[in-house]
Amino acid sequence: MKRQIILFSCMAALLMAGCSKKKSNDVIITSKVEKPAVSKTPVRMSAWSNTWNVTWGGGNYRIDISRQPDDSLAMVKDETGQTFVDNRITLRISRDDGSVFLTKTFTKASFSQYLNNDYMATGILEGLVFDEVDDGLLEFAASVSHPQTDEYIPLELKISRMGDISIKRDSQMDTNSDTGDDDDD
């Protein structure tokens, strides 16, 4: 009997201790979502350039493309408020003798009629690369992207032997474009 009284007293003490303890309001059931740190300085893509050597219309040509961040262009912000510097891309096509066939500088505004309002407001001109010579035209792939994401609008740029430039939205993404020095027909 003494044992039962001791056991009953212990259970009563535990029960009272459990009931008398107030729950803390400091307990967080879910983890806090940390806001990413937004840099006060604008983010810039690195400067980039590349060269391709191609055969086009029976002649040899050198294609030079360079990308530079440009502070004179309107900057864009992402959903966190981070500011990004837009880019300026220069395309230069030279003949084998060194004479210049075409020089053209592109900004996002160069592609404005192919972009929706969202990409005009929050996108940057990310890149321009040589793709191929097809049907007598030099073909290039360009992209306007949301900075630091995989979201972009693919564009196709074609140049004729007369130097005429045509641009359209690319409906097929090319994952096999050339990225270095090549000789193409």
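Nine bridges link β2 to strand β5 (residues 87-95), and the two strands run antiparallel. Strands here are DSSP runs of E with at least two residues, helices are runs of H or I with at least four residues, and both are numbered from the N terminus. Two strands count as paired if DSSP finds at least two bridges between them. Before we go on, please keep in mind that this is a predicted model, in which local features need pLDDT of at least 70 and side-chain atom pairs count only at pLDDT 80 or more, while totals for chains, interfaces and linings use all residues. Residues are numbered from 1 along each chain as its sequence is written, and side-chain values use heavy atoms, with hydrogens and water left out.

Let us stay with this pair and look to either side. Within it, Arg67 stands opposite Ile89 in β5. Strand β2 (residues 59-69) is also joined by nine bridges to strand β1 (residues 48-56), again in an antiparallel arrangement. There, Asn53 has Arg62 in β2 as its bridge partner. The hairpin of β1 and β2 has two residues between the strands, and Gly57 takes a positive phi near 60 degrees in it. On to β6: six bridges connect β5 with β6, and these strands run antiparallel. Arg92 faces Thr103 in β6.

Put together, these four strands form an open sheet in the order β1-β2-β5-β6, with antiparallel pairing. Its edge strands are β1 and β6, each of which pairs on one side only. From one strand to the next, the twist averages 15 degrees; axes are lines fitted to C-alpha atoms, for helices over the stretch in contact, and angles run from 0 to 180 degrees between N-to-C directions.

What does the chain look like as a whole? It has two helices and ten strands, which follow the pattern α-β-β-β-β-β-β-α-β-β-β-β along the sequence. Of its 185 residues, 33% count as buried, where buried means under 20% relative accessible area, exposed over 50%, and partly exposed in between (1.4 Å probe, protein chains only). Among contacts (heavy atoms within 4.5 Å) with a separation of 6 or more, 49% come from residues 24 or more positions apart.

The C-alpha atoms of Asp131 and Ala141, ten residues apart along the chain, are 6.3 Å from each other.

Two loops close the tour. Most residues other than glycine have a negative phi. Asp135, in the loop between β7 and β8, has a positive phi near 55 degrees. Asp135 is exposed, with a relative accessible area of 71%. Gln148, in the loop between β8 and β9, also is not a glycine and has a positive phi of about 55 degrees. Gln148 counts as exposed because its relative accessibility is 67%.
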